[in-house]
Every structure is written in structure tokens, then in C-alpha cells.
Amino acid sequence: MVRHYKLGILGCGAIAEILLENIILKEKLENILIAGVYDKNPNAAEEFKKKFGVRIFEEVDDMIKECDIILECASQEAVFQYGEKILSNGRSLIVMSSGAFSNTSFLKKMRGIAREKNVKIYLPSGAILGLDGIKAGKFSELERVELIVRKNPRSFKIRDEKEKVLYDGDAKRGVSLYPMNVNIASTISLAGIGFEKTRLKIISDPKVDRNIHEILAKGSFGEFRIKIKNVTSKRNPRTSILAAYSVLALLERLTSELEIGC
């Protein structure tokens, strides 16, 4: 059955901008109605109102009342601050800042609320490929999952003149150290073998002008290695354009009678 959704957007940054360009200006996803936006920075919200003609919610509580589903594309702090309230009010939540769920007790609480209220927490695939393979491979003996993130120093707000390994260890600590750059490591960990077993390497490289993600997964099913060279957002170099497109793909799946992929 085809469904229609009223979508509220929490955070007026690069991902929200690409989303609204496609849904409002390019008139894609006709079954998604943009109810409005909220940002703690009023100037950011006003910019979106001028550009897209969207409603600005003064309070998140008002957004919750008006929407069927809410997209968080702001920060991990926003997930902690508003996530429980959104779910408790019977609204599903799309989370881009999935690094918040490296706090496993918080994730357990959020899942409990979602179960009780019969709503969903959605984590888009973001700026990577291969998440379907990791999810499927988990049902075999998934032995090894690694993620290598390589970005220009400006993404980390540093000025390295040479390649430098910023972190090499388990995903749990890496996500906490670089919350704005490696949320996808959290999504991979949740899809596969967990935060402690998933390996994460973060590299600052002044020679690259794209966000590069390399993923290796190995198990009894076989193995795969994927390398993605993502074009970055002009608004925010930390954000890959593909991350925003993954939200559009998720919304399309929610409103379609046909689902493709696991």
C-alpha cells in the first residue's frame, strides 16, 4: 500500500538543503509533504524559509504534533535531546547522527520506546555502500568488518600538510572522538558485529578532495571490499552528497509498494 507522510526536519544544514532541493524545487517524492523545519539557530531556519518557502517550527514539540515522521540531521546532541520525546509521542524517527547509538544504554532505551509505541527508528545507509552485504553476512559467521575513512583536513578543522592517521582502533571510541565525521561507523557497527569488534581508521589527507570510505567485510559467506569516493557538500565538507540521497531513497522505500534490497 502506498503511504503519504508529513515530514519534519530537525536541523537546517547540508543534508536538509539537498533534501528540500529534491522534494520541493525538483518535485520528487510526491508522497512526502514537508511539514516544516526546526533549527536551534534561527538564522539557519530563516534561510531555508526564504529559499524553499517552508514553515519554521519555533519548538520541536510543535513539529512533533504536525508530523508523521521526523528526520534528524543536526547532531548527536539533538538525538539525545529529542529522540525519546519524538518516539514517545508516536512518531517514527530517521537518524543521521547514528553515532549517538554508540551509547548502548541509550539505544536500548530508544528501542524499548519504539517497540512500546509501535514506531520505527530508521538509520539510512548514509555515504557508504555495502551495508546490505553486512546485514546479510551477519547471518553467517561474520568474522571481520573494517572501515577506513579518509578526508581532507578541513573536514576535521585542522591544517595537516601531510597525511596523518588520526585514529586506529575500535569503532566505539572512534565515533566518540570524531562525532561529526564518522557517524557511518556507528551504522556499520549496528548492522554487523558491534562497536567493539568493528575496526575504524580515520585519516587526514591533504591530497584528497573527496570523502573516501573503504569497507572490508569477511565471513563464511566470503568477503568483499568496497571503496567509495564521495563528492562533498558545498555547504559542509564533512557531509557527502550521497548521505542526503540515502535519505531520499529511504523515503521512497517507505512510500512505495515495491521494496528492493534488504
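The paragraphs below take the helix, then each pocket in turn.

The model is predicted. Helix α4 covers residues 76-88. At 1.5 Å a residue, its 13 residues should span 18 Å, and because the end C-alpha atoms are 18 Å apart, the model agrees with that expectation. Just after the helix, Gly90 adopts a positive phi of about 75°.

The largest pocket holds about 1,400 Å³ of space. Its lining comprises 36 residues, of which Leu123, Leu131, Lys135, Arg253 and Cys262 are the closest to the centre. At least two lining residues come from each of α5 (104-117), β5 (121-122), α6 (131-137), α8 (183-191) and α9 (241-255). Of these, α9 gives the most, with 7 residues. The lining of the largest pocket is made up of 20 nonpolar, 7 polar and 9 charged residues. Domain 1 (5-126 + 240-255) and domain 2 (131-230) each contribute at least three residues to it.

The second largest pocket has a volume of about 890 Å³. Among its 40 lining residues, Cys73, Ala74, Ser75, Ser97 and Met180 lie closest to the centre. Two or more lining residues are given by each of α1 (14-25), α4, α8 and β9 (211-219). By class, the lining of the second largest pocket has 18 nonpolar, 16 polar and 6 charged residues. Domain 1 and domain 2 again each supply at least three residues.

Key: Residues are numbered from 1 along each chain as its sequence is written. This is a predicted model: local features need pLDDT of at least 70, side-chain atom pairs count only at pLDDT 80 or more; totals for chains, interfaces and linings use all residues. Side-chain values use heavy atoms; hydrogens and water are left out. Helices (H or I, at least four residues) and strands (E, at least two) are DSSP runs, numbered from the N terminus. The expected span of a helix is 1.5 Å times one less than its number of residues. On a 1 Å grid over the protein atoms alone, a cavity is a set of points where a 1.4 Å probe fits but cannot get out, and a pocket is an open set with protein on both sides within 12 Å along at least five of seven lines; lining residues have an atom within 4 Å of a point. Grid points are joined across faces, edges and corners, and a volume is the space filled by probe spheres set on the points. Ala, Val, Leu, Ile, Met, Phe, Trp, Tyr, Cys and Pro count as nonpolar, Asp, Glu, Lys and Arg as charged, and the others, Gly among them, as polar. Domain bounds come from an automatic or database domain assignment.
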